[in-house]
Every structure is written in C-alpha cells, then in structure tokens.
Amino acid sequence: MSFSVLTAVRSFSSTSTMKMALKNVTVIGSGLMGSGIAQVAAQTGHNVTLVDVSEPILQKATASIKKSLERVAKKKYSDNASEGEKFVAESLKRLTTNTSAEASAKSADIVIEAIVENVKVKQDLFKALDKAAPSSTLFASNTSSLSITDIASATQRKDRFGGLHFFNPVPVMKLLEVIRTVDTSDDTYNKMMEFGKNLGKQTITCKDTPGFVVNRLLVPYMGEAMRMLERGDATAKDIDIAMKLGAGYPMGPFELMDYVGLDTTVFIMEGWHEKYPDNPLFEPSKLLKKLVSEGKLGKKSGEGIYKYD
C-alpha cells in the first residue's frame, strides 16, 4: 500500500471514529430549544433520548418534532415525497423519550441540558447525572447567559464539560457556539466541535465569558437602545427602522426584545450586573424593568415595546 493511500485510509478511519464518538445523545428538557436540538441530532443520524418530567409533555414535544421534520422533508425532498416520508420515519425511529434523566445518561456519549436558566437547578441536575453517567460521557449546557464554569463546578468531570449554545429555532439557525472553560480538555473540545459539524452547524469557539459571542454583543446593544428611548433621543419605531435599513439587521432592537421577551432580557442583564457590578453595559434600564413589572413582556403577553393582536 502506497504512503498516500495509507495516509488517506488512516485519515478516513480517524474521521469515522471521531464522527461516531458522540453517537448516543441525551437531551434534558423538551421545550423549544431541547426539542430542536433533539430533532437536529436525530435527523443527522444520532440516537437521541429526549427527557422531561412527564409522558404528556414528551408526547407533545414528539408531535411537534414530527411536524417540524415534515416541514424539513417537504423542503428538502420537494421532488420526491417518498424520500421525504422515509427521512421523517427514520429520524423518528432514532428518537426515544424518557422521564428519568439518570437512566437516560447511562448509555449517553453526551448529555445536553436545555432546562430553565437557573444555575442552582442546573447544578443539581448535573450533580445527579455525574453519579449516573459513565466516566466517558461528556456534559454540555445550552445556557445562553450563565457561566459554564459555575454549572460544571457541581460535577467531578470539569474536563469533560463544555457549552453548546444553539440558537432558536434550532433546525433553522446554522450557528453553534462551542464554549470552552479553562478546565475543558482538548479531547472534549475537539469532540464537541466535530459533533456540532456533524449536526450540520457552523461552529465557533468562545471562552466562558458572559453571553459568549452573540449575546455579549446583543444584550448590551438592546440595553443601549432602551437607554436611547429613555432619553428621548428617538422613538422605538425609528430606532428599529434605523438598525434595519442602516445596519442591515433583520429586526430592530425593540422588535427583537419583544420577540425574545423583555423579562428574559432583564433576567440576563440583572444576572450579569450582579456578577459584574462595575460594568455599566450590564445595568438594566429603569424603563425596561418598569415594563416587566407591569406584565408587558413582549409578544408572548400581547404587549411589550409594541402592542400585538
């Protein structure tokens, strides 16, 4: 066998091994993000277990995933309905559900958490999973605002812990932020990067800094827009138009806040402000807090910066 052929074989073997390294995926939390992660993993050939607190919740999530897969199939196989049906059926065949996180972790190559943004709740979950999962199992959090290091501190596998921050809606958004703490090993990092690529995502790397890349830039941007509104520099509508037509953003900052939820924005900013009180960019505006206290949370409540039908 020639050197070039041998090199190619070794390269193929190495790549194949890496691709199979994180084949069995457990996703904790079947909400919008968790269901999206589970769907994308299943449709890209991974064996997925989706975990939540009750069977009715999981049945609802599975039905939602099936509808989403059908939309993907309709677009991907527009000229071949039978192939589309096969794609949906095979993807669903790779998806199972469970109400026990500990039991699901026992056969997982990677566990991805997508539950409530509360560091104590996440720590309690991973502390329990740490005892149940094999030592080789990698842990990841989908948190968008909390410290991966803080979450990982509840476990004995800080070197096998990282952040995988997906974006909503997961089946559509191409970006995946892979967060590496000071403790994350090279092996863990490399496997998570390869896993993201196998999901069909464009992966980027960020240190464990508040908000990672996207939210670290996005949240202060929304906060400054709110301060402009408070000062009366411009109307919310004009600020939104300016950023869409002047900067090419698909949504203005106020449209985005209403979409994300004003309460979510306040929650993130207050958490960062508490941890980094000297950074003025992290201080929530009084107007933003006032709107939240009045129950004006954005689209989900019918009113935020704007009113919705």
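**Annotated sites and helix packing**

Tutor: Ser 144 is buried, because its relative accessible area is 19% and the cut-off for buried is under 20%. Keep in mind that this is a predicted model.

Student: Where does Ser 144 lie?

Tutor: In the loop between β5 (138-141) and α7 (148-152).

Student: And what does Ser 144 touch, not counting residues up to four places away in sequence?

Tutor: Glu 117, His 165, Gly 211, Phe 212 and Asn 215.

Student: Which residues does the UniProt "binding site" annotation cover?

Tutor: The UniProt record, an unreviewed entry, puts it on Ser 68, Lys 75 and Ser 144.

Student: How far apart are the farthest two C-alpha atoms of that set?

Tutor: They are 29.4 Å apart, and the set spans 77 residues in sequence, so the residues do not all gather at one spot.

Student: Which of the set is in the lining of the largest pocket?

Tutor: Ser 144 is part of that lining.

Student: What about Lys 75, buried or exposed?

Tutor: Exposed, with a relative accessible area of 73%. Lys 75 sits in helix α3 (residues 55-76).

Student: New topic. Where does UniProt place the "3-hydroxyacyl-CoA dehydrogenase C-terminal" domain?

Tutor: The unreviewed UniProt entry gives residues 211-308 for that domain feature. The span is 60% helix and 0% strand. Its end C-alpha atoms lie 29 Å apart.

Student: OK, packing. How do α9 and α13 pack?

Tutor: Helix α9 is residues 214-231 and helix α13 is residues 286-293. Their axes are 8 Å apart, at an angle of about 95°. The two helices are therefore roughly perpendicular to each other.

Student: Which residues make the contact?

Tutor: On α9, Met 226, Leu 229 and Glu 230; on α13, Lys 286, Leu 287 and Leu 288. The contact of α9 with α13 has four nonpolar residues, two charged and no polar.

Student: And α9 with α12, at what angle do the axes cross?

Tutor: At roughly 105°, and the axes come within 11 Å. Helix α12 covers residues 262-275. The pair α9 and α12 is therefore roughly perpendicular too, since angles of 65 to 115 degrees count as such.

Student: Which residues are in that contact?

Tutor: From α9 come Asn 215, Arg 216, Val 219, Pro 220, Met 222 and Gly 223. From α12 come Thr 265, Ile 268, Met 269 and Trp 272. The residues of the contact divide into six nonpolar, three polar and one charged.

Notes:
Residues are numbered from 1 along each chain as its sequence is written. This is a predicted model: local features need pLDDT of at least 70, side-chain atom pairs count only at pLDDT 80 or more; totals for chains, interfaces and linings use all residues. Side-chain values use heavy atoms; hydrogens and water are left out. Axes are lines fitted to C-alpha atoms, for helices over the stretch in contact, and angles run from 0 to 180 degrees between N-to-C directions. Helices (H or I, at least four residues) and strands (E, at least two) are DSSP runs, numbered from the N terminus. Angles under 35 degrees count as roughly parallel, over 145 as roughly antiparallel, 65 to 115 as roughly perpendicular and the rest as oblique. Contact means heavy atoms within 4.5 Å. Ala, Val, Leu, Ile, Met, Phe, Trp, Tyr, Cys and Pro count as nonpolar, Asp, Glu, Lys and Arg as charged, and the others, Gly among them, as polar. UniProt positions are given in the numbering used here, feature names are shortened, and annotations may be inferred rather than shown by experiment. On a 1 Å grid over the protein atoms alone, a cavity is a set of points where a 1.4 Å probe fits but cannot get out, and a pocket is an open set with protein on both sides within 12 Å along at least five of seven lines; lining residues have an atom within 4 Å of a point. Buried means under 20% relative accessible area, exposed over 50%, partly exposed in between (1.4 Å probe, protein chains only).
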